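Q: I have a structure open here and would like to go through it with you. Could we take it piece by piece?

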Amino acid sequence: MERSQRERLTEELTLVLLYLTSFTEKQCPNVRMAWKTHDWTALDDLAKDGFMVPPHNRKNYTRYLTDEGVEKAKELLEQIGPSLGFKKEDWGD
């Protein structure tokens, strides 16, 4: 089933939001995490696309971005960030 433009945009913006609100912990500095407070369908689709680690169950609100997900989020930010008034240095790493 093909996703609509709205569903794809929701997925991409969800990925950007997850990246912008993501964090690392001292014991796992190479693992970028984000709390799930976004659209379930978009999160499921991001996991299917390989941008996130699929959750073991829906009760776990932590989502883990893959390296591909981090790179895709940065790419999307470079595309849409300036139109929203953000400079690259504003979103940091």
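Q: Which residue just after α2 takes a positive phi?
A: That residue is Gly-50, with a phi of about 85°. Please keep in mind that this is a predicted model.

Q: And α2 itself, which of its residues are buried?
A: Helix α2 covers residues 40-48, and its buried residues are Ala-42, Leu-43, Asp-45, Leu-46 and Ala-47.

Q: Which residues is Asp-45 in contact with, leaving aside its neighbours within four places in sequence?
A: With those neighbours set aside, Asp-45 is in contact with Arg-3 and Glu-11. Glu-11 belongs to α1 and is itself buried.

Q: Let us stay with α1, then. Which other residues are buried there?
A: Besides Glu-11, the buried residues of α1 are Thr-14, Leu-15, Val-16, Leu-18 and Tyr-19.

Q: What about Leu-17, buried or partly exposed?
A: Leu-17, also in helix α1, is partly exposed, with a relative accessible area of 41%. The C-alpha atom of Leu-17 is separated by 9.2 Å from that of Ala-34, and the two residues are 17 apart along the chain.

Q: How far does α1 reach from its first C-alpha to its last?
A: The helix has 16 residues and reaches 22 Å, close to the 22 Å expected at 1.5 Å a residue.

Q: Changing topic: how much space lies in the largest pocket?
A: The largest pocket holds about 190 Å³ of space. Of the 13 residues that line this pocket, Asn-30, Val-31, Arg-32, Asp-67 and Val-70 are the closest to its centre.

Q: Which elements give two or more residues to that lining?
A: Those elements are β2 (28-35), β4 and α3 (67-80).

Q: How does the lining divide by class?
A: The lining has five nonpolar, three polar and five charged residues.

Q: Val-70 was in your list; where does that residue sit?
A: Val-70 is in helix α3 and counts as buried, at 11% relative accessibility. Not counting residues up to four places away in sequence, Val-70 touches Tyr-19, Arg-32 and Leu-65. Arg-32 is another of the residues closest to the pocket centre, while Tyr-19 is a buried residue of α1.

Q: How far apart are the C-alpha atoms of Val-70 and Leu-18?
A: They are separated by 9.3 Å, although Val-70 and Leu-18 are 52 residues apart along the chain.

Q: What share of contacts joins residues at least 24 apart?
A: Among contacts between residues at least 6 apart in sequence, the share is 54%.

Q: Stepping back, in what order do the elements run?
A: From the N terminus on, the order is α-β-β-α-β-β-α-α, which comes to four helices and four strands.

Q: And how much of the chain counts as buried?
A: Of its 93 residues, 33% count as buried. The protein chain exposes about 6500 Å², with carbon and sulfur atoms supplying 52% of that area.

Terms used. Residues are numbered from 1 along each chain as its sequence is written. This is a predicted model: local features need pLDDT of at least 70, side-chain atom pairs count only at pLDDT 80 or more; totals for chains, interfaces and linings use all residues. Side-chain values use heavy atoms; hydrogens and water are left out. Buried means under 20% relative accessible area, exposed over 50%, partly exposed in between (1.4 Å probe, protein chains only). Contact means heavy atoms within 4.5 Å. Accessible areas come from the Shrake-Rupley method with a 1.4 Å probe; for residues, only the protein chains shown count as cover. On a 1 Å grid over the protein atoms alone, a cavity is a set of points where a 1.4 Å probe fits but cannot get out, and a pocket is an open set with protein on both sides within 12 Å along at least five of seven lines; lining residues have an atom within 4 Å of a point. Grid points are joined across faces, edges and corners, and a volume is the space filled by probe spheres set on the points. Ala, Val, Leu, Ile, Met, Phe, Trp, Tyr, Cys and Pro count as nonpolar, Asp, Glu, Lys and Arg as charged, and the others, Gly among them, as polar. The expected span of a helix is 1.5 Å times one less than its number of residues.
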